[in-house]
Amino acid sequence: ILTVDDSPSIRMALKIALTGAGYSVAEAGDGAEGIAKAKASAFDLIITDIDMPRMDGIEMIGSLRRQEKFSAVPIVVVSYKDRDEDRSKAMDAGASYYVTKSEFDSGEMLNLISDLLRNLG
């Protein structure tokens, strides 16, 4: 799983939850780094924020979705933004699911990830 967020504390929280559930986790600090890491390795799932320096999550999702390699990879947005407009932009760009950080629950997130990965198989 690739986590893309400019907040080191969010990346660490995700990494702890995901590795504790048995997933291997790589991290990127913005969309540009996320694209580079996604191209360099194979990931079963990507978790990203929206607001990041250099390249935001919406741009990253759109760029990845334009490439065949990433057409079926689930992309989950975890963002502070909870407006319908932000959710729509993410989904229109190709996000598979959108969760606000205020409603983030690691148990529910792990269930969501498990469901998304099971549906790939």
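This is a predicted model: local features need pLDDT of at least 70, side-chain atom pairs count only at pLDDT 80 or more; totals for chains, interfaces and linings use all residues.
## Helices on the sheet

Strand β3 (residues 46-48) and strand β4 run parallel and are joined by three bridges. Within this pairing, Ile47 has Val76 of β4 as its bridge partner, while Thr48 stands opposite Val77 in β4.

## Burial of strand β4

How many of the five residues of strand β4 are buried? In β4 (residues 75-79), five of the five are buried, so the strand is largely enclosed by the rest of the structure. In a regular strand, side chains alternate between the two faces of the sheet. Both faces of β4 are covered, with Ile75, Val77 and Ser79 buried on one side and Val76 and Val78 buried on the other.

## Helix α3 against α4

Helix α3 (residues 57-65) packs with helix α4 (residues 84-93) at an angle of about 20°, and the two axes are 8 Å apart. Because angles under 35 degrees count as roughly parallel, this angle makes α3 roughly parallel to α4. The crossing in which α3 passes α4 is left-handed.

On the α3 side, the contact involves Ile58, Ile61, Gly62 and Arg65, which meet Lys89, Ala90 and Ala93 in α4. Sorted by class, the residues in the contact of α3 with α4 are four nonpolar, one polar and two charged.

## Helix α3 against α2

Helix α3 also has a relation to helix α2 (residues 31-40): the axes of α2 and α3 cross at roughly 25° and come within 9 Å. The two helices, α2 and α3, are therefore roughly parallel to each other, and their crossing is right-handed.

Gly31, Gly34, Ile35 and Ala38 of α2 make this contact with Met60, Ser63 and Leu64 of α3. By class, the contact of α2 with α3 comprises four nonpolar residues, three polar ones and no charged ones.

## Two loop residues

Asp49 is placed in the loop between β3 and α3, and with a relative accessibility of 5% Asp49 counts as buried. When neighbours within four places in sequence are left aside, the contacts of Asp49 are Val4, Asp5, Asp6, Gly57, Val78, Ser79, Tyr80 and Lys101. Among these contacts of Asp49 are Val78 and Ser79, both of which are also buried residues of β4.

Lys69 lies in the loop between α3 and β4, and its relative accessible area of 47% makes Lys69 partly exposed. Not counting residues up to four places away in sequence, Lys69 touches Ala38, Lys39 and Ser41; Ala38 is also one of the α2 residues in the contact with α3. Lys69 and Ala93 are 24 residues apart in sequence, and their C-alpha atoms are 16 Å apart in space.

Conventions:
Residues are numbered from 1 along each chain as its sequence is written. Side-chain values use heavy atoms; hydrogens and water are left out. Axes are lines fitted to C-alpha atoms, for helices over the stretch in contact, and angles run from 0 to 180 degrees between N-to-C directions. Helices (H or I, at least four residues) and strands (E, at least two) are DSSP runs, numbered from the N terminus. Angles under 35 degrees count as roughly parallel, over 145 as roughly antiparallel, 65 to 115 as roughly perpendicular and the rest as oblique. A crossing is left-handed if the near helix is turned anticlockwise from the far one by less than a right angle, and right-handed if clockwise. Contact means heavy atoms within 4.5 Å. Ala, Val, Leu, Ile, Met, Phe, Trp, Tyr, Cys and Pro count as nonpolar, Asp, Glu, Lys and Arg as charged, and the others, Gly among them, as polar. Buried means under 20% relative accessible area, exposed over 50%, partly exposed in between (1.4 Å probe, protein chains only). Two strands pair if DSSP finds at least two bridges between them.
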